[in-house]
Amino acid sequence: MPATRPSLRVRTALEQDMSDIVLLDREVFPDLPYPYFVLRQLLDAFKEHMFVVHDGDRLCGYVLATPPSEGQSWILTLGVAPGMRHRGLGRQLMREALDRLRAEGARTARLGVRPENVTAIRLYISLGFAPDPGGPRSDYFGPGEDRLLMTLAL
Ligand SMILES: CC(C)(COP(=O)(O)OP(=O)(O)OC[C@H]1O[C@@H](n2cnc3c(N)ncnc32)[C@H](O)[C@@H]1OP(=O)(O)O)[C@@H](O)C(=O)NCCC(=O)NCCS
């Protein structure tokens, strides 16, 4: 695996990242991107919980978590540009978000992932997430959109 370059630093998202995040979200999730207005509202509401990473001028990764509520947070989305994968950026983004949640007193982090998304599931397991024992939930995100829910004890 190529080493992560020192110039690739994770930071919290800024207002001016909005259009780049929209473009990256469409590239990463071409069949189910967030509508622009949803991403705008997520950025407004959870700016401190959205982290991005740049390669030079180009935004190449992002992760979004919710602030803890009754000790529980959700990782809402994670994406790395196709040409920048397998360099540890996904892991780095997740660690940054999880560190923030821990510091804020979250006790658990939850997420939903497509059951066939082996790459993401391996990443989450390596970070300590465990799949719900009942297996994937059918139609969790609507018809045909099953999701495996996973939990990490922080
Ligand atoms: C999932 C995703 C964010 C991972 O990003 P990434 O930057 O490539 O991940 P990393 O380089 O940090 O890899 C972390 C681990 O994931 C696993 N992994 C990564 N690529 C893998 C592959 N091709 N096959 C198997 N496991 C893989 C490995 O366990 C890897 O550990 P390693 O660092 O020891 O190799 C990226 O593939 C992506 O954006 N996918 C499309 C969007 C998506 O599925 N998001 C998650 C939705 S829940």
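## Loops, sheet and overall form

Biologist: H86 is found in the loop between β4 and α3 (89–103). What is the phi of H86?

Modeller: This is a predicted model, in which local features need pLDDT of at least 70 and side-chain atom pairs count only at pLDDT 80 or more, while totals for chains, interfaces and linings use all residues. Residues are numbered from 1 along each chain as its sequence is written, and side-chain values use heavy atoms, with hydrogens and water left out. Most residues other than glycine have a negative phi. H86 is not a glycine, yet its phi is positive, at about 65°.

Biologist: Does H86 count as buried or exposed?

Modeller: The classes rest on relative accessible area with a 1.4 Å probe and protein chains only: buried is under 20%, exposed is over 50%, and partly exposed is in between. H86 has 58% relative accessibility, so its class is exposed.

Biologist: Which residue in the hairpin of β3 and β4 takes a positive phi?

Modeller: Helices (H or I, at least four residues) and strands (E, at least two) are DSSP runs, numbered from the N terminus. The hairpin of β3 and β4 has six residues between the strands. The residue in question lies in that loop, and at 77% relative accessibility it counts as exposed. With a phi near 50°, a positive value in a residue other than glycine, it is E70.

Biologist: Which residue in the turn between β2 and β3 has a positive phi?

Modeller: Strand β2 (residues 50–55) runs antiparallel to β3, and six bridges join them; two strands pair if DSSP finds at least two bridges between them. Across this pairing, V53 has G61 as its bridge partner. The hairpin leaves two residues between the strands, and the turn residue with a phi of about 65° is G56.

Biologist: How many residues of β3 are buried?

Modeller: β3 also pairs with strand β4 (residues 72–80), antiparallel and over five bridges; there V63 has L78 as its partner. Strand β3 (residues 58–65) is largely enclosed by the rest of the structure, because its buried residues number seven of eight.

Biologist: Which strands are the edge strands of the sheet?

Modeller: The sheet is open, with seven strands in mixed pairing and the order β1-β2-β3-β4-β5-β7-β6. An edge strand here pairs on one side only, and this applies to β1 (10–12) and β6.

Biologist: Which residue stands opposite V113 in β7?

Modeller: β5 (residues 108–113) and β7 (residues 148–153) are antiparallel partners over six bridges. T108 faces A153 in β7. The β7 residue opposite V113 is L148.

Biologist: What pattern does the protein follow along the sequence?

Modeller: The secondary structure comes to four helices and seven strands. Read along the sequence, they give β-α-α-β-β-β-α-β-α-β-β.

Biologist: What is the radius of gyration of the protein?

Modeller: The radius is taken over C-alpha atoms, and the globule rule is 2.2 Å times the number of residues to the power 0.38. The C-alpha trace spans about 45 × 35 × 35 Å along its principal axes. For 154 residues a compact globule would be near 15 Å, which agrees with the value for the protein, 15 Å.

Biologist: What share of the residues is buried?

Modeller: Contact means heavy atoms within 4.5 Å. Among contacts between residues at least 6 apart in sequence, 62% join residues at least 24 apart. Of the 154 residues, the buried share is 40%.
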